[in-house]
Amino acid sequence: MPAPVTAPPRAPGRPRSARAEQAIQEAAIDLFVEQGFDAMSMEGVAARAGVGKTTIYRRWDSKEDLVMDAVGVCQLNTVVDPDTGSLREDLVRVLTAFQQTVRNTPLGHVFPRMVAEVAQGSDLGRLYASRMIEPRRRMLLSIVQRGVGRGELPLGADMELSLELIMGPVILRRLFGNAPARGNIARCGRHVDVVLAGLRDLGGR
């Protein structure tokens, strides 16, 4: 009885299409950071990724879709609600994670470019605001609301002001290039303590 014929094992690694997709996304991020959205082109992405332009258009309908998809890959798993039971601890963890992300991942280079797109109200900026900023804003709002519910902030606390005070200084440090090299828990703790003290002092005013 002859031995059954078995297919040879597939070589390890990602399928060719997955490797091409990763190369395209990485090229899109690189060119977005280097050239800005208006100057970059699908042709340039194809050349940088080493693929044909038709390979890109089979996956993405527009430059906006491509950049957003690539940025979304950079931001996977960056929306994490710690929900420790402590408003201060939740905020310190969120800010520390944000600092680590913008300093130690490709998102840190994307962020200043994307902030400009949001400020200009471009199509890309609006997409980024709705798909990336708003979910994180809702998470932060939920954290603050839980703190109010536990009595850690007074009833009637200004929610919009709370979010601005929590995230504003951290974003500015990144844009001005003086954010710490790593997520600095002690610095984030001081930041949160100052913000919470001010919000408690304001009360419901």
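Buried means under 20% relative accessible area, exposed means over 50%, and partly exposed sits in between. Keep that handy for these exercises on a predicted model.

**Exercise 1.** Work out which class Leu-175 falls into: buried, partly exposed or exposed.

*Solution.* Start with the number: Leu-175 has 35% relative accessibility. That lies between the 20% and 50% cut-offs, so Leu-175 counts as partly exposed.

**Exercise 2.** Check whether the span of helix 5 agrees with its number of residues.

*Solution.* Helix 5 runs over residues 87-104, which is 18 residues. The expected span is 1.5 Å times one less than that number, so it should come to 26 Å. The end C-alpha atoms are 26 Å apart, and that agrees.

**Exercise 3.** Find the buried residues of helix 5 and say which helices they pack against.

*Solution.* First, pick out the residues under 20%. The buried ones include Leu-87, Leu-91, Val-94, Leu-95, Phe-98 and Val-102, along with Asp-90, Thr-96 and Gln-99. Then look at the partners: the buried residues of helix 5 pack against helix 6 (107-120), helix 7 (123-149), helix 8 and helix 9 (185-202).

**Exercise 4.** Describe the protein chain as a whole: how many helices and strands does it have, and what share of it is buried?

*Solution.* Count the elements: 9 helices and 0 strands. Then take burial: buried residues make up 38% of the 205 residues. As for the surface, the chain exposes about 11600 Å², with carbon and sulfur atoms supplying 55% of it.

Technical notes: Residues are numbered from 1 along each chain as its sequence is written. This is a predicted model: local features need pLDDT of at least 70, side-chain atom pairs count only at pLDDT 80 or more; totals for chains, interfaces and linings use all residues. Side-chain values use heavy atoms; hydrogens and water are left out. Buried means under 20% relative accessible area, exposed over 50%, partly exposed in between (1.4 Å probe, protein chains only). Helices (H or I, at least four residues) and strands (E, at least two) are DSSP runs, numbered from the N terminus. Contact means heavy atoms within 4.5 Å. Accessible areas come from the Shrake-Rupley method with a 1.4 Å probe; for residues, only the protein chains shown count as cover.
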